[in-house]
Amino acid sequence: MKILTRFTSILFIALAGFSYTAQATLMLSPGDCNTTTDCWTSNTTSNLGAAGISELIGQTVTDLYKSDFDDGAETGSFAPSYDTEFTNSNTEPNDALLSYIGDPSDPSETLPVMNCSGALSCFLEVKDGKKEPAVYIFDISGWDGLEIDMDDFWLVEDGSTSSGAISHVAIWGCTDCDEGPNPPGGGPVPEPATLFLFASALFGLGWRQRKSLIK
């Protein structure tokens, strides 16, 4: 019985760890563009739009979500599901937090989540209009669709904005892109089948140990 209890505890801890991984916030900053090849920049100060993003990354994309700082407008097919909070300054924001506003643990939830870990490949755009580079594009294929924390965009060494700030953030996607990598600063999200197999293996091992003790 002690063996079974021990393995039950291990199973609970392991599944809790997987749950935490699946809901971990994706952290991104300009420095991540120097550590991953799956990031693009441009000095174009005008809005690139779907055509410009597609040309830059070599994939045909469509808009999924966009949030403008100046007017607070949110557009795209996933606009009802997400909200973006711009922070660091009331007039020149250098940080932004993009969050899913529904409850991912509720089976009856009606707000769809971007599933960027499956057939859909996703790309995050962080845009300025004055500095160089004027735009960052991150491949976030593998993101769990819950939260992205963007920090320190267009800050200079003394912490000032130097007339640079986030003007908007957007997520673009395509279903026929080449398979994307894990997101910068994140990790792969376990599939439900993987979790089931892992749980079954631990349970089977515990049951086998219990039968051995009974004999």
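## A buried ring to start from

Phe153 is buried, with a relative accessible area of 0% (buried means under 20% relative accessible area, exposed over 50%, partly exposed in between, using a 1.4 Å probe and protein chains only). Phe153 pairs with Tyr136 edge-to-face, at 5.4 Å centre to centre and 75° between the planes. Rings of Phe, Tyr and Trp (its six-membered ring) pair if their centres lie within 6.5 Å; planes under 30 degrees apart count as stacked, over 60 as edge-to-face and the rest as tilted. Tyr136 is also buried, at 10%.

## How the model was read

This is a predicted model, where local features need pLDDT of at least 70, side-chain atom pairs count only at pLDDT 80 or more, and totals for chains, interfaces and linings use all residues. Residues are numbered from 1 along each chain as its sequence is written, and side-chain values use heavy atoms, leaving out hydrogens and water.

The structure holds 11 aromatic pairs. In one of them, Tyr82 and Trp143 have ring centres 6.2 Å apart and planes at 45°, so this pair is tilted. Tyr82 is buried at 1% relative accessibility, and Trp143 is buried at 2%.

## Where to be careful

The mean pLDDT (the predictor's confidence in each residue, from 0 to 100) is 77 for the protein, and 67% of its residues reach 70 or more. Over residues 2–22 the pLDDT is below 50, and over residues 179–198 it stays under 50. Where pLDDT is low, the predicted coordinates should not be read in detail.

Key
Contact = heavy atoms within 4.5 Å.
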